[in-house]
Amino acid sequence: MSVKHEVNLAGVKLNKGVWLVKVPKYLSQQWKKASDKGEVGKLTIGKYQGKTEVCFSLSEELTALGAVEESDASLRAPVDHALTMHAVGGQTLAVFSQSNADGISLEGMVVHRAECKPAVTDNYMKMKRVQVREAVKPRRVPQQLEKAVTTVFKPVANHSFNLEYEKKKKTEGKMVRAERQVVLDMLFSAFERHQYYNMKSLVEITKQPVSYLKEIMREIGTYISKGPHKNTWQLKPEYQHYQAGKDEEEELSD
């Protein structure tokens with residue numbers, strides 16, 4: 001569910017124009033180190049041969065970078081940056097700010113777009129080399145353990161469900177499929193004594209593999225998935241008097 005916020009449009013009345021500037025990642029990281037009212041740098045706008053030139057100079061206090069290695073202790077961010085200006089291109093762009101107290105406010109409409117690029121110096125190239133080295137470093141490094149790990153998550157040679165499956169497989173593997181009519185006679189005889197059986201009981205009675213028994217029971221029986229006799233089998237109505245009918249035929253033949 002989306003949350004609605006009121007937008008303060010005071011910036012429209014003030015007709016404020018803002019610049020949308022793309023800056024390098026390291027520059028935005030250095031700006032975050034500045035205090036709330038601290039100076040991050042100076043922007044210089046001038047004319048050269050009839051063209052407007054815009055330059056940004058990073059504050060000296062923010063040029064120190066965090067050393068990655070001991071040899072990088074003197075590594076510093078570039079100070080001088082040139083801004084390449086671009087046309088807005090007929091787009092309508094706006095800049096908004098958000099705070100806990102005032103909510104969302106319109107800061108102004110974008111009147112210029114620019115890209116901030118550092119001056120290519122030896123210091124800048126050194127910084128880029130360090131960034132490249134850090135980027136290609138593996139995130140996971142193998143370590144040699146001095147002692148055995150004694151956590152509760154120890155490797156298991158074979159899980160319990162695998163052992164149960166293997167046991168079941170061996171048991172069924174020893175069962176030899178009997179002739180279909182022999183199995184049917186055993187099943188009908190069993191269902192004369194009780195109306196409902198689960199598959200485990202039928203396996204014990206017939207000594208036949210589960211897959212073979214299920215194949216036969218799907219033909220002559222019905223599986224019960226609900227009710228008081230859940231997970232059991234019973235004979236289909238047309239087979240419930242099979243044994244009785246067979247006995248009558250034998251008496252007549254005698």
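Let's start at a turn: strands β3 and β4 form a hairpin with two residues between them, and Q49 in that turn has a positive phi of about 55°. Strands here are DSSP runs of E with at least two residues, helices are runs of H or I with at least four, and both are numbered from the N terminus. This is a predicted model, where local features need pLDDT of at least 70 and side-chain atom pairs 80 or more, while totals for chains, interfaces and linings use all residues. Residues are numbered from 1 along each chain as its sequence is written, and side-chain values use heavy atoms, leaving out hydrogens and water.

Here is how the strands pair (DSSP must find at least two bridges between them):

| Strands | Sense | Bridges |
|---|---|---|
| β3 (residues 41–48) and β4 (residues 51–58) | antiparallel | eight bridges |
| β4 and β5 (residues 80–86) | antiparallel | four bridges |

K47 stands opposite T52 in β4, and S57 has D80 in β5 as its bridge partner.

In α5, the buried residues (under 20% relative accessible area, with a 1.4 Å probe and protein chains only) are V183, L184, L187, F188, A190 and F191. Looking down the axis of α5, they fall within an arc of 160°, so they line one face of the helix. That arc is taken from the directions from the helix axis to the C-beta atoms. Helix α7 (residues 210–220) buries V210, Y212, L213, I216, M217 and I220. Down its axis these fall within an arc of 155°, so they too line one face.

Zooming out, the protein chain has eight helices and nine strands, and buried residues make up 24% of its 254 residues.

Notes
Buried < 20%, exposed > 50% of the residue type's maximum accessible area, 1.4 Å probe, protein only.
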